[in-house]
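Please look over the sequence and the structure shown here before reading the report.

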Amino acid sequence: MARTFRIGGIHPNANKLSSGDPIVTSPLPSKVQIPISQHIGAPAVPVVKRGDEVKVGSVIAKSGGFVSANIHSSISGKVQKIEDVVDASGYKKTVITIKSDGEDVWEEGIDRTEDIVRDITLSADEIVARINECGIVGMGGATFPTNVKLTPPKGMTPEVVIINGVECEPYLTADHRVMLEKGEQVLIGTAILMKAVGVKRAVIGIEENKPDAIKHLSELVGNYPGIEIQPLKVRYPQGGEKQLIDAVLRRQVKSGQLPISVGAIVQNVGTTLAVYEAVQKNKPLIERVVTVTGKSLQHPANYLVRIGTSISDLISESGGIPEDTAKVISGGPMMGKALVTDDVPTTKGTSGVLLLAKEDTKRKPMRNCIRCAKCVGVCPMGLNPAFLMRDTVFKDWDELEKNHIMDCIECGSCSYTCPADRPLLDHIRQGKQTVGGIIRARK
């Protein structure tokens, strides 16, 4: 029986334009720009310099702390420079630029065959270590280092692994295609995660608008003890960790707590595939599936992309930027960020590139709040977005912290449903940034 989370939620148009398009391997780029910070936590530290020769899979930056991740070269060639360039955030970040030699030479020890390796021979500790070495991070957007998530704090015991196959963000279809085309690898990756944290149960949650993925994995799962496929009602933002846990386990993660507090460890489908490739194939995270889409785009598609490939190259592969394009967004329309330029590199967290037409980006004039409470009703975290916006405008930081602004997951449900067209999320993001800084300074 299909389930869903119990607080808030909306139903935006899905617009899954590329759900029927198989994954296509993107051409080898002539150069890549690989950021040293593609994850939550400390930036990685470069271990190469200008002129160094590298192969596919060579370590080019090592983790800069416990919450950090290794970075590997996605092509073979020569390091051209290490410099600061504008990334998807709009700010300058340090990147390592590598010029391809056109040979695509891989490091020894990486299994590049299509053979599926089912036997899990590494111990739990060895699995976590391999994941750390290969630079695996959360690929659903948060980019939290996976090895850290698999090392829960003392006193907290995992009970179940939840695999996020929801992909509730409109337009995006990368995870859908991964489940269809790499279903068995995802199941083996799930079994690896179960072994890593010592649990006997895992649940893969998939929304009902992906019936082919539900059917495909349900047919395969019989060979993998302890793994269940859970159909979910279509509801945004069900891909949020806390919402998915509520839908699958009927457990609520309290304010300020982590999923492990209710015994759950959540991993994205793309991350689970990357775990399989790291543990069974010794393959670092050097490529990922990216959806390139838009209503006016000539060829919406799902590409297997080398990390560091320019987003402008991906758009060109899909036919170029349509004339009516008003915004290019990294991610989806609800939680993605508009780019200041398309000449930015793809990263481990790049799930999609969305080109929105002018008619889909027009903002109506903001009107006065009528206290209808629609934003409160749809907030999946049980917050009052109207008051959070008000307190941000008046810079009442104490009140914002008291009213749990840091619990906001920035899903945009409030702005989407507001009949007065108030930019609630824009202001809440500003408030979160300031309050977060105050909390960090206090600690």
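Predicted model: local features only at pLDDT ≥ 70, side-chain atom pairs only at ≥ 80, totals over all residues.

Residues are numbered from 1 along each chain as its sequence is written, and side-chain values use heavy atoms, with hydrogens and water left out.

S58 lies in the loop that links β4 (53-54) to β5 (59-62), strands being DSSP E runs of at least two residues and helices H or I runs of at least four, numbered from the N terminus. With a relative accessible area of 8%, S58 is buried, a word that stands for under 20% with a 1.4 Å probe and protein chains only. Leaving aside residues up to four places away in sequence, S58 touches I71, H72, S73 and E107, where contact means heavy atoms within 4.5 Å. Its side chain also reaches the backbone nitrogen of K55 at 2.9 Å.

Strand β10 (residues 202-207) has six of its six residues buried, with A202, I204 and I206 on one side and V203, G205 and E207 on the other. Its pairings, each requiring at least two DSSP bridges, are set out here.

| Partner of β10 | Sense | Bridges | Opposite residues |
|---|---|---|---|
| β9 (residues 160-164) | parallel | four | V161 and A202 |

Together with helix α5 (residues 211-220), β10 and β11 form a right-handed β-α-β unit, in which the path from the first strand over the helix to the second runs clockwise when the strands point away from the viewer.

Key:
Buried < 20%, exposed > 50% of the residue type's maximum accessible area, 1.4 Å probe, protein only. Polar contact = N/O pair within 3.5 Å; in protein donor to acceptor, adjacent residues only side chain to side chain.
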